[in-house]
Amino acid sequence: MTSNEVLLTFGYSTLTNRVKNIQFPKRDDNREFIVLVQNPDEASYVFDTPQTKLVELKSRGVAKSRNAALKYASGKYLIFGDDDITFDESGISQLVNYFEAHPECAIILAQTTDETGTLRKTYPTKEAKLTKYNSAKAATYEMMVRLDAIRGANISFDENFGAGVDNYLGDEYIFIADALSRGLTGVYLPIRVAIHPKESSGSAWGTRKDLSARAAVFSRVFGPTAPIFRALFLLKSRKGRVGLRNAILFILGR
């Protein structure tokens with residue numbers, strides 16, 4: 001790699017009223033920073049961060065921002081950020097080193113903690129190959145990708161899913177499932193890569209809106225066999241009961 005090549009791009013998705021909240025990691029010649037601002041209403045805002053590429057989107061939806069990051073990134077690898085993320089430098093380095101040592105790997109999932117240092121979910125304790133059956137809890141800010149592999153397989157985020165649209169979750173899981181279906185490989189590593197506040201879209205668990213969005217994700221990933229996997233999800237879920245009526249509707253995808 002020459003000194004002019006970018007090793008890692010950080011692609012931050014944000015809104016006009018939150019752009020100032022971004023906490024950037026350290027800068028060096030091998031890093032690129034892109035801020036993708038959703039601004040469908042053409043609101044005014046100030047962006048004066050040096051050595052940072054600004055991409056303004058006249059649209060809403062985090063999946064659109066992620067796809068813009070895939071389009072505009074110049075790095076060999078890309079990690080996705082939000083305006084409430086703090087990246088862990090040690091974790092970032094370990095993920096990059098893994099990619100460098102494993103050229104066959106296209107996606108890495110890692111761990112995130114909350115502000116107290118507590119893991120945000122139950123993670124495996126050992127390295128594991130990514131499959132459609134162990135990637136449903138993926139968060140985009142836990143993900144680093146190899147750009148040439150993703151672009152070569154024509155993988156993108158499904159813009160019908162993710163924050164900012166009705167099916168407000170599952171965009172990252174669908175992204176991984178699509179990549180695996182097209183022959184790419186990925187791995188989970190038990191390494192902390194970021195800190196993220198406790199609250200998230202997952203906090204709405206059990207509401208009709210939440211169950212409807214989750215049902216749509218399973219339909220998108222598994223097609224006609226989705227009811228089987230929705231039932232298994234309810235059986236294995238530790239999030240709590242949803243009631244018989246809601247459970248039936250969820251399994252049926254309604």
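Student: Which residues make the nonpolar surface patch of about 320 Å²?
Tutor: In this predicted model, I228, L232 and L235 make it. Areas are Shrake-Rupley values with a 1.4 Å probe, and for residues only the protein chains shown count as cover.

Student: Where does L235 lie?
Tutor: L235 lies in helix 6, residues 226-236. Helices (H or I, at least four residues) and strands (E, at least two) are DSSP runs, numbered from the N terminus.

Student: Is L235 buried or exposed?
Tutor: L235 counts as exposed because its relative accessibility is 72%. The cut-offs are under 20% for buried and over 50% for exposed, with partly exposed in between.

Student: New topic. How many residues of helix 1 are buried?
Tutor: Helix 1, residues 62-72, has 8 of its 11 residues buried, so by the same cut-offs it is mostly covered.

Student: Which ones are buried in helix 1?
Tutor: They are V62, A63, S65, R66, N67, A68, A69 and L70.

Student: And where is F47 found?
Tutor: F47 is in the loop between strand 2 (31-38) and strand 3 (53-57). At 22% relative accessibility, F47 counts as partly exposed.

Student: What is F47 in contact with, beyond four places in sequence?
Tutor: F47 is in contact (heavy atoms within 4.5 Å) with V19, V35, T52 and L54.

Student: How are the residues numbered?
Tutor: They run from 1 along each chain as its sequence is written, and side-chain values use heavy atoms, without hydrogens and water. Local features need pLDDT of at least 70, side-chain atom pairs count only at pLDDT 80 or more, and totals for chains, interfaces and linings use all residues.

Key:
Patch = residues over 30% accessible without salt bridge, like charges linked within 9 Å, V, L, I, M, F, W, Y side chains within 5 Å. Salt bridge = Lys/Arg side-chain N within 4 Å of Asp/Glu carboxyl O. Buried < 20%, exposed > 50% of the residue type's maximum accessible area, 1.4 Å probe, protein only.
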